[in-house]
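Dear colleague,

Here is the structure for your files. My notes on its aromatic rings follow below.

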Amino acid sequence: MKKTAILAASALLTLAAPATAQNLSNLRIMAPASPGGGWDQTSRTIQTVLQNQGIAKPVQVFNVPGAGGTIGLAQLYNSKGDSNLLMTMGLVMVGAIQTNSSKVDLSRVTPIARLTGEYEVIVVPTSSPYKTLGDLAAAWKANPSLPFAGGSAGGTDHMLVGLFAKAAGVDPRKMNYVPFSGGGETLAAVLGNQVTAAVAGYGEFEAQIKAGKLRALGISAPKAQPGIPVATMKSQGFNVDLANWRGIVAPPGLSSSEKGALVAAMDKLHASKEWKDTLKTRNWTDLYMSGSKFDVFLKLEATRTREILKDIGLVK
């Protein structure tokens, strides 16, 4: 009798094992942008670490570019119940959903984890008369038409300028934001004195800051960042905190066990030495958050982003 019970239990364990393994085999990660960009790099880094650590094998990355990631988002939504599919996304997509009036939003997918982020900096040429963020804010308040350069309209850079405007007492709808398609163009504009100031992730300006060509006036982090000698905007009296974060979501319609297996995979990835070493190598800030905490964060971030974009005048 006892032997029969043991055999039955073993059979149940054998049947249960493939279900967990199946969730982490033939895994596919969608990068909802063209090859080479931030979402693509993040996706391929996740792929490498998952496979090297034996967390999931094999892992395939594919690209679905367009409309700030919302084309990929729609495809993810239409893959309901596919527990072998993940999509890299981030704050840019949260904004694009609203500016593109996407029919699918992030309430329609399964949040898995927030992984990394990069804080934004506001820079001016070293020849600029503005030595501090306060100097720039005072001049901007006196003349709201001062041009600020950054990435695409409605993106993270634009949102930061809108938040800074509000904190500085400038009407965000009256600000002069000049969008560029790439960091190189933004850099050329500020170095060429075509604009008063520029905004981007610290990494995009780091070389020019260290070379003494640009002056960083403030960083959008909640506290001082190790290795980045730039005062936070908050420490200078401007209540601004914004990270260009990246995360992972899955299609809708997953069971709690399927979602749990994907969250556990990301937890293992985050805990690995290889991932921690990768963060240092790529200068990515660790902003890890998984499971139900990420669910709540996404809802709050969607609400906050909508308010920022309404202030700027990009959404009603």
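Start with Arg114: its charged end sits over the ring of Phe297, 4.6 Å from the ring centre. Bear in mind that this is a predicted model.

Phe297 also has an aromatic partner. Its ring centre is 5.3 Å from that of Trp245. The planes meet at 70°, so the pair is edge-to-face, the cut-off for that class being over 60 degrees. Trp245 belongs to strand 9 (residues 243-250). Phe297 belongs to helix 11 (residues 292-312). The pair thus links distant parts of the chain, 52 residues apart. Both Trp245 and Phe297 are buried.

Arg108 lies over the face of Tyr77, at 5.6 Å from the ring centre.

Now the wider count. How many aromatic pairs does the structure hold? It holds eight. One of them is formed by Trp140 and Phe164. This pair is tilted, with 5.2 Å centre to centre and 40° between the planes. Trp140 lies in helix 5 (residues 133-142), and Phe164 lies in helix 6 (residues 156-168). The pair therefore ties together parts that are 24 residues apart in sequence. Are these two residues buried or exposed? Trp140 and Phe164 are both buried.

Together with Phe148 and Phe238, they form one aromatic cluster.

Best wishes

Note on methods. Residues numbered from 1 in each chain as written. Predicted model: local features only at pLDDT ≥ 70, side-chain atom pairs only at ≥ 80, totals over all residues. Heavy atoms only, no water. Phe/Tyr/Trp six-rings, centres within 6.5 Å; stacked < 30°, edge-to-face > 60°. Helix = DSSP H or I, 4+ residues; strand = E, 2+ residues; numbered from the N terminus. Buried < 20%, exposed > 50% of the residue type's maximum accessible area, 1.4 Å probe, protein only. Lys NZ or Arg CZ within 6 Å of the ring centre and 35° of its normal.
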